[in-house]
Each structure stands twice: as structure tokens, then as C-alpha cells.
Amino acid sequence: MTGTKEKISSLIKQKALDLGFSACGIARAEPLTRESVVFRQWLNNGRHAGMKYLSRNVEKRFDPTLLNEWARSVIMLAFNYFPGHDIGPASSLRISKYAYGKDYHEVIRAKLKHLVRDVEEETGGITARVFVDSAPVTEKAWAVRCGLGWIGKNGLLINRQAGSFFFLGTIITSLDLAYDKPEPDEFCGSCTRCMEACPNKAIVAPGILQADRCIAYLTIEHKGPFLEDTDTGLHSWIFGCDICQDVCPWNDHAKPHAEPDFMPRGKLLAMTDKDWQNLNEEDFSELFKGSAVERTGYDSLRRNIEKGIREMEKD
């Protein structure tokens with residue numbers, strides 16, 4: 001391995017920018033003790049609802065050396081997905097901005113692997129693993145440690161330059177690198193727009209989410225039918241939700257991405273309420289092939305559409 005820690009770290013960050021990432025930070029691979037305590041309390045309070053998988057491998061989530069004993073550094077990368085507009089005005093039913101294009105898991109993973117190859121070409125062989133929601137790694141906590149931003153009152157990572165509309169990718173490596181410093185503070189101040197805007201009041205305290213009240217959870221993670229006699233509606237969202245991000249002042253100047261794989265498909269933008277209501281499995285496959293929505297499946301999206309329509313008819 002040639003080059004100093006600083007030179008190799010600078011190389012990694014430049015290569016990341018060349019691949020379209022908007023930010024890259026690096027931290028030492030070590031236990032995140034304080035963050036682990038907060039997460040365990042959240043679990044103990046049952047706020048993860050039906051996401052039982054979050055209670056597994058908790059130690060590994062906050063200590064990458066337990067996931068990979070050779071780990072020396074954690075590299076976190078952010079990739080902008082802000083499309084600049086929402087679906088409509090053809091339809092009042094909405095899907096989250098992150099789901100417009102191809103499945104981000106595959107797109108970001110490919111870019112992370114490309115980055116590792118680029119670094120290997122410059123420095124020689126390295127040991128590294130890449131993750132995009134594919135292992136017990138708490139991406140947001142590590143992104144904070146890597147200096148990419150802070151956790152906002154909506155529980156999402158916020159970056160002063162990029163806002164919060166970005167995907168996170170992780171590289172764990174055996175390289176000893178130059179480490180970045182976390183933000184000295186959080187910059188939400190007295191703002192509570194996200195908490196006030198959530199129609200289901202899912203943000204029960206700053207940074208604390210009650211998952212089974214969250215529209216994103218209900219439309220993606222929730223399994224089975226909905227209980228109709230509750231105050232946790234979908235409020236026109238049929239996959240994910242962007243409300244708490246749309247009202248965040250840090251996103252007022254978010255710039256549209258330029259990634260072809262995340263560009264909305266024309267037919268998706270043209271969907272009307274009637275088109276959604278008449279959506280069949282063949283249409284679903286054509287509309288969402290290779291997307292994050294495809295992972296959820298036709299039956300779940302059909303359930304969400306039907307509930308969304310029922311709610312609109314009651315209003």
C-alpha cells in the first residue's frame with residue numbers, strides 16, 4: 001500500500017465525487033456506545049413496531065469490528081435523489097421521491113463497488129465490504145460520526161449543504177485512513193415543522209419515531225390488512241412518505257439530481273387516480289420493474305391504493 005493516510009483518504013473522496021456522490025466522510029471503526037444506548041431504549045419502548053429484524057444483531061449494528069474483525073475504517077457516502085417535483089398533478093395519490101427510478105439498493109451498491117475498484121487500482125489490493133441496507137449497519141449513526149450531518153427531529157440525517165433527500169452507502173475497510181470530525185452540534189434549533197406536519201403524529205419527541213404511526217412504515221413495512229378504525233391514515237400516500245422532509249427548511253434549496261437511473265419514468269408521472277384504481281399485476285410489473293416499489297409487491301401496493309381511495313372518498 002502506497003501513500004499516506006491523508007492522500008488515500010483524499011483519493012477516496014475525489015473518486016466518490018467523480019461517481020456522483022454528493023458527500024463522503026470517514027470514521028474509525030469502533031463501538032458507537034452512546035448511539036447504541038439510545039437505539040436499545042427505542043427498541044425497549046416497542047417503537048420499532050413490526051420491524052422485528054431491528055432487534056437482531058444490535059451489537060454488530062454499532063460495532064463494525066464485530067461484523068468484520070479486520071475493520072479499521074468506516075466510509076459513509078451520500079447520493080442525492082431529489083427529483084425536483086412530485087408525481088402529479090395527474091394524481092392525488094403519491095409515492096415517495098426516492099422510488100421514482102431504479103432500485104437504489106442496486107444502483108448505489110454498484111457505485112460503491114466501482115469506488116472500491118478505483119481505489120484498488122491506485123493503492124493496490126484492499127479488504128473492503130460494501131453495504132446498502134444489506135447488513136446490520138446503522139447508516140445514519142455512522143454518517144453522523146463521519147461528519148456528514150446530524151440527526152434531525154424527524155429522525156433523518158440532515159446535511160447543511162444537501163438537505164436530507166439522499167441515499168446512504170457504506171464501505172467498511174481494513175485501511176487505516178484520516179478521519180473526519182462530526183458536526184459540533186445539530187442545527188434544527190427551535191424548528192418543529194416536521195413534528196407538526198406529520199398527520200399521524202408519528203414523531204413523538206425530537207428524533208424519536210413511533211414506527212406504526214409513520215406513513216412510510218405503514219405503506220412499506222406493515223404486513224397484512226389495515227385496521228380501519230384508527231387515526232393512522234395514509235393521507236394520499238401509497239408508497240413511502242415525504243411530508244417531514246418536504247417541510248424541512250434545510251430542503252428549501254435542494255437541487256435536483258442528475259442520475260439517469262433515478263429519473264422518473266414518463267408513464268409513472270402520467271398516472272391518474274383512475275389509473276391507480278385500475279392498476280393490475282401486469283401494469284404493476286411494467287411500471288415498477290427494477291424499482292424499490294417492486295420489492296414491496298403488487299398485493300401490498302394494491303392494499304395501499306384501496307385504502308388511499310377509501311380515505312379520499314370519506315373526505
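K307 lies over the face of F226 in this predicted model, at 5.5 Å from the ring centre. A charge is taken to sit over a ring if NZ of Lys or CZ of Arg is within 6 Å of the ring centre and within 35 degrees of the ring normal. R160 is placed in this way over the face of F187, at 4.2 Å from the ring centre. Residues are numbered from 1 along each chain as its sequence is written. Because the model is predicted, local features need pLDDT of at least 70 and side-chain atom pairs count only at pLDDT 80 or more, while totals for chains, interfaces and linings use all residues; side-chain values use heavy atoms, with hydrogens and water left out.

Aromatic rings were also compared with one another. A pair of aromatic rings is described by the distance of the centres and the angle of the planes. Rings of Phe, Tyr and Trp (its six-membered ring) pair if their centres lie within 6.5 Å; planes under 30 degrees apart count as stacked, over 60 as edge-to-face and the rest as tilted. The count by this rule is 18 aromatic pairs. The rings of Y104 and F167 are stacked, because their centres are 4.3 Å apart and their planes are at 5°. Y104 belongs to helix α5 and F167 to strand β7 (residues 166–173), so that this pair links distant parts of the chain, 63 residues apart. Helices (H or I, at least four residues) and strands (E, at least two) are DSSP runs, numbered from the N terminus. Y104 has a relative accessibility of 12% and counts as buried, and F167 is buried with a relative accessible area of 5%. Buried means under 20% relative accessible area, exposed over 50%, and partly exposed in between (1.4 Å probe, protein chains only). Ring pairs join Y104 and F167 into a cluster with F21, F79, Y81, F82, Y98, F165, F239 and F262.

The rings of W276 and F288 have centres 6.2 Å apart and planes at 20°, so this pair is stacked. W276 lies in helix α11 (residues 273–277) and F288 in helix α12 (residues 281–288), so the pair ties together parts 12 residues apart in sequence. The relative accessible area of W276 is 0%, which makes W276 buried, and F288, at 1%, also counts as buried.

In soluble globular proteins, nonpolar side chains tend to be buried together. A nonpolar core is a set of buried Ala, Val, Leu, Ile, Met, Phe, Trp, Tyr and Cys residues joined through side-chain atoms within 4.5 Å. The largest such core has 49 residues, and those with the most contacts inside it are L77, I95, I108, W276, L279, F288 and L301. Helix α5 (residues 104–123) supplies the largest share of this core, seven residues. A second, separate core has 37 residues, among them L43, A143, C146 and F166. Contact means heavy atoms within 4.5 Å. Not counting residues up to four places away in sequence, F288 touches I95, R265, L268, W276, V293, E294 and L301.

Helix α12 has a buried side. F284, L287 and F288 are buried in α12. These residues cover an arc of only 75° around the axis, which puts them on the same side of α12; the arc is that of the directions from the helix axis to the C-beta atoms. An α-helix has 3.6 residues a turn, so residues three or four places apart point the same way. The buried residues of α12 are covered by elements including β3 (94–95), α10 (266–269), α11, α13 (292–296) and α14 (298–314). Exposed residues E282 and E286 are carried on the face of α12 turned away from its buried side. At the start of α12, a side-chain oxygen of N280 reaches to within 3.1 Å of the backbone nitrogen of E282. G290, whose phi is positive, near 75°, follows α12.

Several loop positions were also examined. Q210 is in the loop between β9 (208–209) and α8 (215–221), and is buried with a relative accessible area of 13%. The side chains of Q210 and R47 are joined by a polar contact of 2.7 Å. A polar contact is a pair of N or O atoms within 3.5 Å; within protein, one must be able to donate a hydrogen and the other to accept it, and residues adjacent in sequence count only if both atoms are side-chain atoms. A49 is not a glycine but has a positive phi of about 50°. The loop between α2 (33–44) and α3 (58–61) holds A49, which counts as buried at 15% relative accessibility.
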